[in-house]
Amino acid sequence: MSEKLLIVKDLSTTFATAGGPLPAVDGVSFDLEQNETLGIVGESGSGKTVLSRTIMGLQPRTNVTVTGSATINGFEVVGASEKAKREIWGTEVAMVFQDPMTSLNPVMRIGKQIDEALRVRLGMDRAAAKARAIELLELVGIPSPVERYNAFPGQLSGGMRQRVVIATALACSPKLLMADEPTTGLDVTIQAQILNLLDELKERLKMSVILVTHDLGVVATRTSRIVVMYAGRIVETGNTRDVFYHHRMPYTRALLESSPKVSNLSHTRLTTIPGRPPNLLNLSDGCSFAPRCSYATDQCHLVRPPLQAADEPGHAFACWNPLPTTRGASSS
Amino acid sequence: MRRLVMLIGIVFVISIGSFYLIHLLPGDPAVVILGTGASPAAKAILFHQLGLDKPVYLQYFAWISNVARGNMGTSFISQSSVAATIRAALPIDLEIIVLSQILAFAAAIPAAMRSARKPDGALDRLLGASSFTLLSVPPFIIIVLLVLLISIKLGIPHTGPSSYVTLASDPIGNLESLSLPAFTLAIGSFVVYYRVLRSDLIATLQEEFITMARSKGLSQRRIMWRHAFRPSSVALLGTASVNIGGLLASGFVVQYLLAIPGLGYTLITAINMSDYLLVQGIVLTVSVGVVVINFIFDFIINIVDPRISRE
């Protein structure tokens, strides 16, 4: 079973804006095995949400250009018509959206939102779809699913709504689940519940999961590999262990250092990354992170570093002045 | 329930308003009934007979207690029962409004759906431009143009002025005779409904739950009707509720121009003849009608958007 479920090659997504073309995703390549969990990590605006939508072909329908290739289980998403993509949406690939407050239809009963997919896509009749929807609600841990079937989203808490979103995504048993910051809109206590639920479902249903997040803590224990994005490009990728302990790209380190640690004394000031993400409308020819990087040299400002292989298998980074290899001594 | 109490309160206020308003109108019923040459003594006797010599508030109570029992009095002028006159005229107004609203919704909803799919597309621009043009032409111009085209040029029967036939005597002819007023009123409603629904649909289609519906692999058609339409229709219903009240008024003008004996025509005639009781009765009926329509629409909106009743 070494056949790849997802192959992304040189994928770019460019929005046509009033200020000119905006390259939200630029030349991204990676792949995903069956039953693997991959983390896509980056700051807000690094292009991770656009990337995850582009992979499943769910980018806006107008004012956007996608080039490169994304193949899900042999189906080429880039350039496919909306009608063709509908055939894989739900059944091959499904998405858990970021904010359960906005991703459910407020005027439609939640049960209907789940069983609609079953009826339209799997051709179930009304009774079978309802029974399956209630099963799904139970699967995602919603108490008294029979009553909740008729609830409107506004009658449920955020955590419950996100469970409904997950149930909807799982309705047609997708092979690949894209979870786009699935816990950002939720309370901290609920976040862990939802993430554990996703983990558990992944094992039970034999899915592959792409977990998109800005929170390295979220991906640390749940993913086997990580893709770090900055300004629409991959700046470092590798096995989760390697990215955490042997990262070479200063941005990855900055990202790691800026997340709070349990071992910190209380009132420890969090490390921040100076500056802000670049304006994608006028990127320099050099490394996008150079203006915020303390290691930057003239070369960094002028020439964009390509992804180059690190010592570990599958580990690559894009940097002219990589951090010294930390083999044997963990930096974190 | 609270709304129902409010409804009764509003109706009460309207009844006072409509009663008092009539007393502000110029004109003297005695002159209308007895002619200009009547002696002051004869006038005084008539005033006493009609109860017009009593204080206004007593007149109001006498009137409203009768109205509450379904008796709106007898016209000074025609000596016929006000309630019966209204009963005969009201169905015509209702028919015109219902027909016009069916036409307006049947055209506006599909048009808005198509426009919203591709904002600034060719169809959207065409509909946008033509709806603005239509909006700027008042109904009394439209009806005249329609009469010119339909009744005079094409010679469709029962469509010209003074050619109204009742529903009971000739259903087809009745439909013909009300089609022009209904169509005229439908144009204004169409433009308003189209624009309101279009802009709400465009906003709704930006919502995340639409992307989520897309990601389930639903067809565009299903997304538009099952996911986008209902949350976008609240403003449409609110607008319709207000608009229908206004339609009564534009209906009056159109009725008058075509001499269709609906409430509007009857009201204008009654005002010209200082037929106090009839005017009062019609104003009260129409006002109560508007309030009831608003009440019904409120109720529908609550069903369409469950978020509203919960807040």
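User: This is a predicted model. What distance separates the centres of domain 1 and domain 2 of chain A, taken over C-alpha atoms?

Analyst: The centres of domain 1 and domain 2 of chain A are separated by 27 Å, taken over C-alpha atoms. Domain 1 of chain A spans 4-223, and domain 2 of chain A spans 229-317.

User: How many residues does each domain of chain A put into the contact?

Analyst: Domain 1 of chain A puts in 25 residues. Domain 2 of chain A puts in 15 residues.

User: Which elements give two or more residues to the side of domain 1 of chain A that touches domain 2 of chain A?

Analyst: They are β2 (20-33), β3 (37-41), α1 (48-55) and α8 (216-220) of chain A. β2(A) gives the most to that side, with 9 residues. By class, this side of domain 1 of chain A has 12 nonpolar, 9 polar and 4 charged residues.

User: Now the sheet. How do strands of a sheet pair?

Analyst: Strands pair through backbone hydrogen bonds, and the sense is either parallel or antiparallel. Here, 8 strands of chain A form an open sheet. Read the order as β6-β7-β8-β3-β9-β10-β12-β11. The pairing is mixed.

User: Which strands stand at the edges?

Analyst: β6 (93-96) and β11 (308-309) of chain A do. Each has a single partner strand, so one side of each is left without a neighbour in the sheet.

User: Take one pair. In which sense do β3(A) and β8(A) pair, and over how many bridges?

Analyst: β3(A) pairs with β8 (residues 208-213) of chain A in the parallel sense, over 5 bridges.

User: Which helix lies across β3, β9 and β10 of chain A?

Analyst: Helix α10 (residues 250-257) of chain A lies across β3, β9 (225-230) and β10 (233-239) of chain A. The helix runs at about 100° to β9(A).

User: On to chain B. What describes two packed helices?

Analyst: Two numbers do: the angle between the axes and the distance between the axes. In chain B, take α8 (residues 171-205) and α10 (residues 220-258). Their axes come within 8 Å and cross at roughly 160°. That makes α8(B) roughly antiparallel to α10(B).

User: What is the handedness of the crossing of α8(B) and α10(B), and how do the contact residues divide?

Analyst: The crossing of α8(B) and α10(B) is right-handed. The residues of the contact divide into 17 nonpolar, 11 polar and 1 charged.

User: How is chain B divided into domains?

Analyst: Chain B has domain 1 (2-68) and domain 2 (84-310). Their centres are separated by 34 Å, taken over C-alpha atoms. The contact takes 14 residues from domain 1 of chain B and 12 residues from domain 2 of chain B. On the domain 1 side, α1 (2-24) and α2 (29-34) of chain B give two or more residues. α1(B) gives the most to that side, with 9 residues. By class, the domain 1 side in chain B has 9 nonpolar, 3 polar and 2 charged residues.

User: Last, the contact between chains. How many residues of chain B are in contact with chain A?

Analyst: 19 residues of chain B are in contact with 21 residues of chain A. On the side of chain B, α9 (208-215), α10 and α13 (306-310) each supply at least two residues. α9(B) gives the most to this side, with 6 residues. The residues on the side of chain B divide into 6 nonpolar, 4 polar and 9 charged.

Terms used: Residues are numbered from 1 along each chain as its sequence is written. Chains are lettered from A and ligands numbered from 1 in the order in which they are written. This is a predicted model: local features need pLDDT of at least 70, side-chain atom pairs count only at pLDDT 80 or more; totals for chains, interfaces and linings use all residues. Axes are lines fitted to C-alpha atoms, for helices over the stretch in contact, and angles run from 0 to 180 degrees between N-to-C directions. Helices (H or I, at least four residues) and strands (E, at least two) are DSSP runs, numbered from the N terminus. Angles under 35 degrees count as roughly parallel, over 145 as roughly antiparallel, 65 to 115 as roughly perpendicular and the rest as oblique. A crossing is left-handed if the near helix is turned anticlockwise from the far one by less than a right angle, and right-handed if clockwise. Ala, Val, Leu, Ile, Met, Phe, Trp, Tyr, Cys and Pro count as nonpolar, Asp, Glu, Lys and Arg as charged, and the others, Gly among them, as polar. Domain bounds come from an automatic or database domain assignment. Two residues are in contact if their C-beta atoms, placed from the backbone, lie within 7 Å. Two strands pair if DSSP finds at least two bridges between them.
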